[in-house]
Every structure is written in C-alpha cells, then in structure tokens.
Amino acid sequence: MQNGIFKSPIAFAQAPLKPINGIVNGMETAITMADKAIEASRYELLSICDVSALNRFGVKGPNAAEWLAAASLTLPEEKNSWTLQGKRELVLRLGSSEYLIEEPLNSQMVAQLNALPVNQSGVHKVIRNDASFIVSGKLATTLFSEVCAIDLSGDALEENRLVMTVIAGVSVTLLRQMLNGQSVYRIWCDGTFGPYLWKTLLGITEEHGGGAIGFSFYYEIN
Amino acid sequence: MKLLECPINGIRPISEFTYGGEYRNMPNPDTCSDSEWAAYVHYRNGAPGLKKEWWYHTPSGTWFIAERNTMTDKVNRTYLLGQEEAK
C-alpha cells in the first residue's frame, strides 16, 4: 500500500516559486514564499496566499439550517452572507439553503460536525475540495477590476455579504473579512481550477509589484 | 454588456449564465395521448414571442425561470420555479 503525500491543489503551480513547505492539517502547503520583510511589503501592496489547507465542512438541504442550529452554530440570517462563529470559524450561507464552515487552525468544529450523524431528510453533507486564497493589499480592488465579473468597488461586499461570481472565467465564492486586524479578500473555487486561478491572479499581482506570501503569514503554525 | 437578474444573486453579466432551454409544461404521461406525448418530446415552437426559459447561474448553481421575449430579447421577470407568485 502506498502512502501518498496529500498536497495543496495549488502545489504544482507554486513549485516554480520554490516555497518552504510544511504540513498543515495533513496537507503539504507553502508555509513561506520569501523573506518576512518581502512578504510584509507584498502584503501591504498586493499579495495572494494559498490557504486551501484549512479545514472545511459543507452541508445543504431544506433542513440544513435546523441541523446546524442544533449543533449550536449561529447562522447568517441573510442569503449570501457570512458570520463568524465565536469570532473564529467562518460560517458562509451560500444561496438559501447551503452552508460552508471553515475553521482556522487549532479549532475542532469541523471534526465535531463530521462526527455528527446526518440521519434526517433534507440534510446533505457536501464534500469540499476547494482551492482557497487570501488576497490582500491596497491594490486588491485594482486586481479584481481586471478579472472579476462584477464591480467590487461599491458595496457588493459590505455588511458581511458574500458573492458567488466569476473571476478569470472561474466560478468562485468571494468575501471580504478582517484578518489579523487587516481587511482581506477571501476566495474559494473548485480545487481543480485552483492552479489556473492561482497562476492568473499571481501573474497580475506580480505585474503590479506584489507577489505570493506563505500560509504562516496569516496563521501561526505550531 | 448584457445583464440578467438571478433571483438569488441579483443582477449579473450574462457571461455568468447558461441557457437551459424553453420551459414547457409536461403532459401527464399516464393520461395523455401518444400524439400529445410525441409533440411534447419532439416538437419545439421556434416562433418568436414571450417564452418561459430555464437559465442557470453557474457560480452559485442556481436554476431559475426567465420570462423573455425572444423577439425583442427583453426579460420581463425571473423567479425560482414554484415561486412565481412571490415575484
């Protein structure tokens, strides 16, 4: 029996950058992309970071909200909006009856949800295989103006709203959140589109003087 | 740029959508005649006019109905199937 290495869906697209890799939640991921000072300057100007290794849990169906509420989760009231669970885990309401939960490091929420039985009708677990990015920097809206199908310079992402739209031809879920005291954009897409989207966004990012940063810039790894 | 309103996600560029064909009421296969069933399966009405159509918002996976005049390409309204009265 082979013991394969579980790699980030972006791993091969990142290889030319020669990142320092590490294991996060059992997934080999780019921990550091460059010197800390360089990453910090990219972060301020324009940067992209692969956070596909964060744990996620998806559920949908007409009774999904009831099922999550029974698991003591606070859910977004509006369609296409998100909230923080205990100021840590992201809870996204995708449309009317689908939810995505993403936890930071050192959280047990996804494991607890996975351990719960789904033994009622109208509740269906959704297998997630997302590629997920964090985009930061003062030129982020410039980046999105080049590739995003809708205008993000207005109030599209205000008041914890999220949008499901197209970036560079790829269907994505997009929101803006405060992370470590800074406003950043979060992107989720199907993992198989991840390398293409990474290359496209990174190419534009580098044209503007920014670049890639590693996972450890946002999350402290033990 | 052409725009279309998704009932869930709001107004978006048409590039986010896929056309899913005309919405037609299916006759009851247990009670309809063979000719009625054959007409439903094989015939399409190509004459321009106000039609109900299936449209799909790709990023969110939302299927919905658009009432579109295929002569003028004007969309009168869009709604989720079964929620026509709510619009």
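The model is predicted: local features need pLDDT of at least 70, side-chain atom pairs count only at pLDDT 80 or more, and totals for chains, interfaces and linings use all residues. Residues are numbered from 1 along each chain as its sequence is written, while chains are lettered from A and ligands numbered from 1 in the order in which they are written.

**The two domains**

Select residues 18-53 together with 129-217 of chain A to show domain 1, then 56-126 to show domain 2; such bounds come from an automatic or database domain assignment. The C-alpha centres of these two domains of chain A are 23 Å apart.

**Where the domains meet**

Display next the eight residues of domain 1 of chain A that are in contact with seven residues of domain 2 of chain A. Contact requires C-beta atoms, placed from the backbone, within 7 Å of each other. On the domain 1 side, β10 and β11 of chain A each give two or more residues, and β10(A) gives the most, with three. Strands are DSSP runs (E, at least two residues), numbered from the N terminus. By class, this side has four nonpolar, two polar and two charged residues. Here Ala, Val, Leu, Ile, Met, Phe, Trp, Tyr, Cys and Pro count as nonpolar, Asp, Glu, Lys and Arg as charged, and the others, Gly among them, as polar.

**Where the chains meet**

Turn now to the contact between the chains, with 12 residues from chain A and 10 residues from chain B. On the chain A side, select β10 (162-167) and β11 (170-179), the elements that give two or more residues. The largest share of that side, three residues, belongs to β10(A). The side of chain A that touches chain B comprises six nonpolar, five polar and one charged residues.

Methods:
Contact = placed C-beta atoms within 7 Å. Helix = DSSP H or I, 4+ residues; strand = E, 2+ residues; numbered from the N terminus.
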